[in-house]
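Dear colleague,

I am passing on the structure below for your files. Please look through it first, and then read the notes on its salt bridges that follow.

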Amino acid sequence: MPIRCHNRVLLLMALIALAAAALPFVNFAPNRLVSGEGRAVWQVWAFSPALLLIVPGLLIVLALMRGRGAVVATLVVCELLLAGLVWSAGLAATHLASSESPLARTAVGSGLWLWLALCLLACSDAIRRLNLPPLWRWLLQAQIWILPLLLLFSGELNALSLMKEYANRQDVFNDAGQQHLTLLLGTLIPALLIGVPLGLLCYRRPASQGPVFAVLNIIQTIPSVALFGLLIAPLAGLTRAWPWLSSLGIAGTGLTPALIALVLYALLPLARGVLAGLSQVPAEVLESADAMGMNSRQRFWQIQLPLALPVLLRGLRVVAVQTVGMAVIAALIGAGGFGALVFQGLLSSALDLVLLGVIPTIVMAVVVDALFALWIALLRRRTDD
């Protein structure tokens with residue numbers, strides 16, 4: 001009887017993990033000033049490369065098994081493997097620093113990055129295959145990070161070059177985080193105040209949809225760097241004409257043009273989300289509300305808005321994640337944030353500094369997306385109840 005694979009995704013990831021063993025596990029440099037060299041996992045610790053076949057072999061066996069138990073086992077194995085890989089990276093950095101030099105810099109290698117990504121993908125695929133309600137899926141996704149975060153806050157990873165870079169620039173990093181949050185909140189609040197009324201206008205007056213969305217589509221097609229640059233000259237001219245604007249923090253560069261551009265980019269998905277959410281409310285429900293004697297205001301707040309809220313939140317979710325990413329580019333015009341660390345690292349060819357800006361940006365985007373996913377899941381659960 002031929003062997004049948006019940007999880008081809010897991011089988012493919014296990015095979016890729018085997019191939020990734022040939023890539024560097026860590027990159028080791030004697031100090032911060034010289035470029036590092038890649039070291040395979042068996043070069044860091046003296047053991048046979050054949051031992052690397054154990055975990056991929058176990059994953060291949062699980063891929064050939066069927067049933068819910070195999071999926072749960074896959075999730076547990078991949079979670080433990082993720083935590084083990086994170087712990088081994090910190091252990092390898094500590095080992096190399098003690099055996100080679102205290103000034104040594106040990107960074108995560110391409111092979112380890114690939115293994116970590118494969119573990120996360122395998123966990124996500126296993127959670128999807130369990131076919132759980134949205135709230136339980138969210139909780140399972142969140143608990144994946146418990147062990148890695150415990151390792152991070154316990155100091156087990158402090159010997160890694162990225163953590164050493166963070167220790168050297170902690171104040172700069174904290175300021176960049178506050179600036180990035182300022183850009184996010186300073187974009188979402190005005191965008192909601194403008195985008196939601198625009199969506200309502202398009203819903204109540206269908207004739208306005210054409211011109212409104214034509215303008216918003218044109219704004220969306222302008223590259224972000226170009227839009228940031230286009231705003232510099234008008235704002236600088238305004239501050240020259242009315243110097244008192246400078247006392248309000250308005251300038252040609254910095255936070256003001258960044259916020260204006262980010263708000264403009266957020267209007268299209270928000271307006272479309274409001275229009276789509278209100279349009280999908282069944283006509284029968286609105287007729288029932290009219291029959292109950294509700295006026296237009298009561299019908300909007302008690303019927304239309306609650307039913308349209310999940311769709312609106314999906315649009316706001318896209319805007320929030322988009323803003324976190326685009327705020328990095330805003331550092332080019334002096335808006336600060338994690339983008340300042342990224343571009344400073346690129347100019348000085350310091351990979352650790354680049355990662356110190358990139359990784360928190362990714363983490364912030366993932367956290368923001370997860371919070372909106374939780375909000376939507378709770379709304380859906382309340383609606384189902």
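**Salt bridges in the predicted model**

Aspartate 125 and arginine 128 both belong to helix α5 (residues 110–129), where they sit three residues apart, about one turn of the helix; helices here are DSSP runs of H or I with at least four residues, strands are runs of E with at least two, and both are numbered from the N terminus. These two residues form a salt bridge whose closest N and O atoms are 2.9 Å apart, the term meaning a side-chain nitrogen of Lys or Arg within 4 Å of a carboxyl oxygen of Asp or Glu. Aspartate 125 is buried, its relative accessible area being 9% (buried is under 20%, exposed over 50%, and partly exposed in between, with a 1.4 Å probe and protein chains only).

Please bear in mind that this is a predicted model, in which local features need pLDDT of at least 70 and side-chain atom pairs count only at pLDDT 80 or more, while totals for chains, interfaces and linings use all residues. Residues are numbered from 1 along each chain as its sequence is written, and side-chain values use heavy atoms, with hydrogens and water left out.

In total, the structure holds seven salt bridges. Another joins glutamate 165 to arginine 105, with 3.5 Å between the closest N and O atoms; this pair links distant parts of the chain, since glutamate 165 is in helix α8 (residues 161–168) and arginine 105 in strand β3 (residues 105–108), 60 residues apart. Glutamate 165 is buried at 2% relative accessibility, and arginine 105 is buried at 11%. Both take part in a network of salt bridges that links Arg105, Glu165, Arg169 and Asp352.
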